[in-house]
Amino acid sequence: MTKKQLTLEVIKRLKEAYPDSGCSLAYDEAWKLLVSVRLAAQCTDARVNIVVEDLYARFPDIASLAAADVNEIEAIVHPCGLGKSKARDISACMKVLHDTYHDQVPDDFDALLSLPGVGRKSANLIMGDVFGKPAIVTDTHCIRLSNRIGLVDNQKDPKKVEMALWKLVPPEEGNQLCHRFVDHGRAICTARTAPYCDRCVLNDICQKRI
């Protein structure tokens with residue numbers, strides 16, 4: 001089985017196993033997903049979803065968050081960890097959205113990358129989940145499972161994993177595949193315990209490399 005064939009079979013099986021996979025960060029506007037994904041660094045999505053309720057109650061839109069004192073933002077988001085740097089990035093990002101993009105989140109990948117605190121993972125998430133465009137989000141689950149299954153070869157650099165997957169994954173499947181990697185990584189192919197290979201839908205095709 002070639003890597004391409006393996007990839008297509010993985011997509012097929014995970015789609016059947018996790019038909020409703022999606023982003024676990026709660027949001028109803030694009031800018032809120034930008035905020036949440038920044039807060040999610042080294043923090044659980046569940047905690048982020050709780051913390052942002054207080055943040056949005058105090059600052060309900062881009063303009064108010066852009067005008068907010070960064071110390072007040074930090075006081076609200078500190079339960080997510082790294083409060084000072086996250087508050088600084090969120091403040092700077094909202095200022096750019098307000099001043100440059102008229103309170104709109106751009107639907108261009110390079111424009112998203114230019115925003116403070118936004119890296120490739122965040123930009124891809126916005127492109128895929130908000131704008132429905134081709135995207136590959138190389139979070140820790142995607143990187144770990146891609147290596148273990150055998151889609152990439154001992155590659156841990158997020159951008160290199162992303163570039164390798166672009167060559168294998170049909171553009172329309174990338175975003176949802178990454179969400180399904182998260183669900184599969186949490187439920188079956190776990191990192192903190194031995195993977196439950198006996199219950200895995202990929203057991204007979206997985207390379208089990210790591």
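How many salt bridges does the count come to? In this predicted model, the count comes to 14 salt bridges. The views below show some of them, together with helix H5.

**View 1. Buried residues of helix H5.** Helix H5 spans residues 70-77, and its residues Ile 73, Ile 76 and Val 77 are buried. These residues lie on the same side of H5 because they cover an arc of only 85° around the axis. The buried residues of H5 pack against helices H2 (30-39), H3 (45-58), H4 (62-67) and H6 (83-99). At the start of H5, a side-chain oxygen of Asp 69 comes within 2.6 Å of the backbone nitrogen of Asn 71.

**View 2. Salt bridge between Glu 72 and Arg 58.** The side chains of these residues meet at 2.6 Å, N to O. The pair links helix H5, which holds Glu 72, to helix H3, which holds Arg 58, across 14 residues. Glu 72 is partly exposed at 30% relative accessibility, and Arg 58 is partly exposed at 44%.

**View 3. Salt bridge between Arg 120 and Glu 162.** The closest N and O atoms of the pair are 2.9 Å apart. Arg 120 belongs to helix H8 (residues 120-130) and Glu 162 to helix H10 (residues 158-166), 42 residues apart. Arg 120 is partly exposed, with a relative accessible area of 25%, whereas Glu 162 is buried, at 2%.

**View 4. Salt bridge between Asp 153 and Arg 209.** The two side chains meet at 2.5 Å, N to O. Asp 153 lies in the loop between helices H9 (140-149) and H10, and Arg 209 in the segment after helix H11 (174-187), so the pair ties together parts 56 residues apart in sequence. Salt bridges with shared partners join Lys 3, Asp 153 and Arg 209 into one network.

Methods. Residues are numbered from 1 along each chain as its sequence is written. This is a predicted model: local features need pLDDT of at least 70, side-chain atom pairs count only at pLDDT 80 or more; totals for chains, interfaces and linings use all residues. Side-chain values use heavy atoms; hydrogens and water are left out. Buried means under 20% relative accessible area, exposed over 50%, partly exposed in between (1.4 Å probe, protein chains only). Helices (H or I, at least four residues) and strands (E, at least two) are DSSP runs, numbered from the N terminus. The arc is that of the directions from the helix axis to the C-beta atoms. Contact means heavy atoms within 4.5 Å. A polar contact is a pair of N or O atoms within 3.5 Å; within protein, one must be able to donate a hydrogen and the other to accept it, and residues adjacent in sequence count only if both atoms are side-chain atoms. A salt bridge is a side-chain nitrogen of Lys or Arg within 4 Å of a carboxyl oxygen of Asp or Glu.
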